[in-house]
Amino acid sequence: MLQVKRSIDHKQRRVIIGSTERLTVKEFNLALTKAYRVGIICNLKTDQLNGLIQTKLIHYHDRGGKVFKLADRIGQQNDGTWVFSDRQLTEKGIATSEDKTKTVYNPNLGYEDHISVPELVSPDSNALTTLITAMHRFHGDSQIAPAIITLAWAVACLHFQEIIKIEKRFPLLNLFGDPGCGKTIMAENGLAIAGFIQGQGSFCKVTESALYEHIKLSGSLPLLWDDPDKSPWLDTLIQRLYNGKPRMVRGNSQTPHTSLMITSNHVIGDAKPATLSRILPLAIFPSTDGDKNAWDDLLEAQKWASGALPELIGLGYPSEEVRALAKELRPLLPHAHARVADSIALVLHYATAVCRLAGFDERRIYDYVVGTVCKTANDADSASDSLTDFIDKISALHSQSVVGEWNIRLITTRSGFEGLAVNMSSVWAKVDGTYKVPYSRKVIESQIAQAGGVLKSAQKFYRSEDEVKSYRRSLINGHNEGDDYVRPKPPEETTRKCVLIPLSLVKDFISSWRDDDSPPDGGGGNRPHPDPISPMGGGSVTTSENDSVVSYPTVDGNLLEKGDFENTDSTTVSDDDSTPSYLFEEDIKNLEEENNQGVQLLTEDNGGENLTEKNATSSKKVTTTETDGCNLDTIEDTAVDPKSLPSEQTSENEVTEILDWDDVVASIDSEMTRLGWDIERGERHLIEQYGVRSRLKLSDSQLLEFLEDLRSLPTFKVGQTVLFQGVRVVIERFVNDIVAVVRSWENPSAKGFEAAIAHLSLT
């Protein structure tokens, strides 16, 4: 460090000269130029320069000079000391000096990358209270909770280096919402406590190298990345930052010393569970009761907010308390990844501390975290494994006809194995090429084997994508019920190697592949050809008998050949002649069962009796006779004695009442309207209770149970007296479908507070 004075100056300036910057006059001039921000002319030669510096060093040590360390970042250093341009603080937030710390601030840090430098004000014990009061006025009751959570994340970031040293992880915060909802303003509230105001501490368009330089040179200071573009490297970057992993470029190590808030219109990592579980997504909505006239007061409070920095640094990181809080929250997150509870607990701990320091009701924040943040984070997608993600993407590609019966199909083997046959060579290329998945084909195959699937099988698929699509188009565009109509020929089949994924893993994803939502092996529903369950012609080729597939013979013929009707104008012809339209669903099922008896013999092991070839042949003859001689008039005129019919025994698992399911669905819609539930709220309930997103995937008994659950929920209204944690309160208004603002019933003049609706009950 040199004290330099130009010939035109009246006072000296302290200039930092690195050891490599004094080797040549050129490097020395460049160092002076950085310090003065203007060009400097030095007339010394290299040997004269080195002699001058050596002489100054000798005189310095002779006078008792001490050796100082140059700060390698702005903010917190490795030893915990906080170094700024005009002050220094200990790791406890107590003021100190460079004479005690032996550390000198480096004004050249980030000169080329325009790293933001905090502007701190004098310590003020009221700064935090003033800031939160202004935030409450501007954001209103409806959005003060997420605003304080954002502020709490920034406070946690002040302890980033200690947390990453102990826990080896630190969550990133993602504020997402529509443009203009106020998410950037909330983030700037957090930046203000570190001395970043008027856009300092944030960046928008930035390269990966520049971003790493920002988080390398900022020690435990919160930073904001505003509205980044969607890109593949963003997900990878978040995973590295979560664990504090450095970026190595040609020997230059860029180690993160802080973390990031990210504001965006979308959820970062929503397509990658590994990324989603490493961030804390926080939904921000436009304020419904904020005071825009408080804008100037908020800006003024941000200006003085850094006065609370020493006090917030002094909070430290009580790891045991945070872990205990995570243990308390984990039962509320059964579907989320285990690390999600740790991330929420970290922020909730500092949010509680901030509320106590500012005199704000900490119970409101706790209710918001439990009622909103935890429920949003409790998503099975953030904890899904690679195989689940792979199946999900296959389902998405199937809906776009990118994959189909030419490389995937549902099968049932003779041994009873039910699953999805996937020709991995073609399907993997589509999945990886479309989504750039972070896992490999070998990982998927190993998980299939672990789940009880088959890795080496050979099944029949339709020969090509073009043939299947052409066939389907001809069925739709060439439909003609006239005498000249010729049904198109189904695609030819070919045998391909494939893997078999157990049905239990895929049934929730493939229910939409059929006309009805019944399981793939169930009856009923019109199954257009080509059929993903059993292609026309049936059959399979495998290396063992257990992997062979049950074939399903079709029922041939058409309506006009099956009977002599007096009024043929009132009859219709089925598009699929394998299921004539005049047959009832039960008749079709019986025909399939009787015809299949010649293919698959039931044994006592699978719950049936041994059938002889004679019995199978006899059943087939009876079926043919009955169907060929069917006459509706004869059937309708024949009287049947109910007493002669065999008695039926109803299973305890069956629904005994004859219900109109349209009425059930209408009743569910009515109850959801009564409760004020939207589709998203209904999905969350279904995921929590049944693990599915749509009521179409519920069984009959589950659908009735869902309706009864809705009917059992009380309807809360504004002005109603209810119980909250055993205390009588009055509902003032509803913030959303999860949180309500209530006020004490015994003390009406008391300040209202937010409470989770789930915690309210009728008096």
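A residue is counted as buried when its relative accessible area is under 20%. By this criterion, eight of the ten residues of helix α6 (residues 183-192) are buried in the predicted model, so the helix is largely enclosed by the rest of the structure. The buried positions of α6 are Lys 183, Ile 185, Met 186, Ala 187, Asn 189, Gly 190, Leu 191 and Ala 192. The elements that cover these residues include two helices, α4 (127-157) and α10 (295-304). Strands also contribute to this cover, among them β9 (172-176), β10 (202-203), β12 (223-226) and β15 (260-264).

For the chain as a whole, 44% of the 763 residues count as buried. The secondary structure comprises 26 helices and 25 strands. Of the contacts between residues at least 6 apart in sequence, 70% join residues at least 24 apart. The chain exposes about 40300 Å², of which 49% is supplied by carbon and sulfur atoms.

The packing of helix α15 (residues 386-399) with helix α19 (residues 503-510) was examined next. The axes of α15 and α19 come within 9 Å and cross at roughly 40 degrees, which makes α15 oblique to α19. The crossing of the two helices is right-handed. On the α15 side, the contact is formed by Leu 387, Thr 388, Ile 391, Asp 392 and Ser 395; these residues meet Leu 505, Val 506 and Phe 509 of α19. By residue class, the contact of α15 with α19 divides into five nonpolar, two polar and one charged.

Helix α15 also contains Ser 386. With a relative accessibility of 19%, Ser 386 counts as buried, because the cut-off for this class is under 20%. When neighbours within four places in sequence are set aside, Ser 386 is in contact with Tyr 439, Val 443, Ile 444 and Gln 447.

A further buried position is Val 437, which has a relative accessible area of 9%. Val 437 is situated in the loop between α16 (424-435) and α17 (441-450). Residues up to four places away in sequence not being counted, Val 437 touches Asp 389, Lys 393, Trp 428, Val 431 and Asp 432. Val 437 and Pro 232 are 205 residues apart along the chain, and a distance of 9.8 Å separates their C-alpha atoms.

Terms used
Residues are numbered from 1 along each chain as its sequence is written. This is a predicted model: local features need pLDDT of at least 70, side-chain atom pairs count only at pLDDT 80 or more; totals for chains, interfaces and linings use all residues. Side-chain values use heavy atoms; hydrogens and water are left out. Helices (H or I, at least four residues) and strands (E, at least two) are DSSP runs, numbered from the N terminus. Buried means under 20% relative accessible area, exposed over 50%, partly exposed in between (1.4 Å probe, protein chains only). Contact means heavy atoms within 4.5 Å. Accessible areas come from the Shrake-Rupley method with a 1.4 Å probe; for residues, only the protein chains shown count as cover. Axes are lines fitted to C-alpha atoms, for helices over the stretch in contact, and angles run from 0 to 180 degrees between N-to-C directions. Angles under 35 degrees count as roughly parallel, over 145 as roughly antiparallel, 65 to 115 as roughly perpendicular and the rest as oblique. A crossing is left-handed if the near helix is turned anticlockwise from the far one by less than a right angle, and right-handed if clockwise. Ala, Val, Leu, Ile, Met, Phe, Trp, Tyr, Cys and Pro count as nonpolar, Asp, Glu, Lys and Arg as charged, and the others, Gly among them, as polar.
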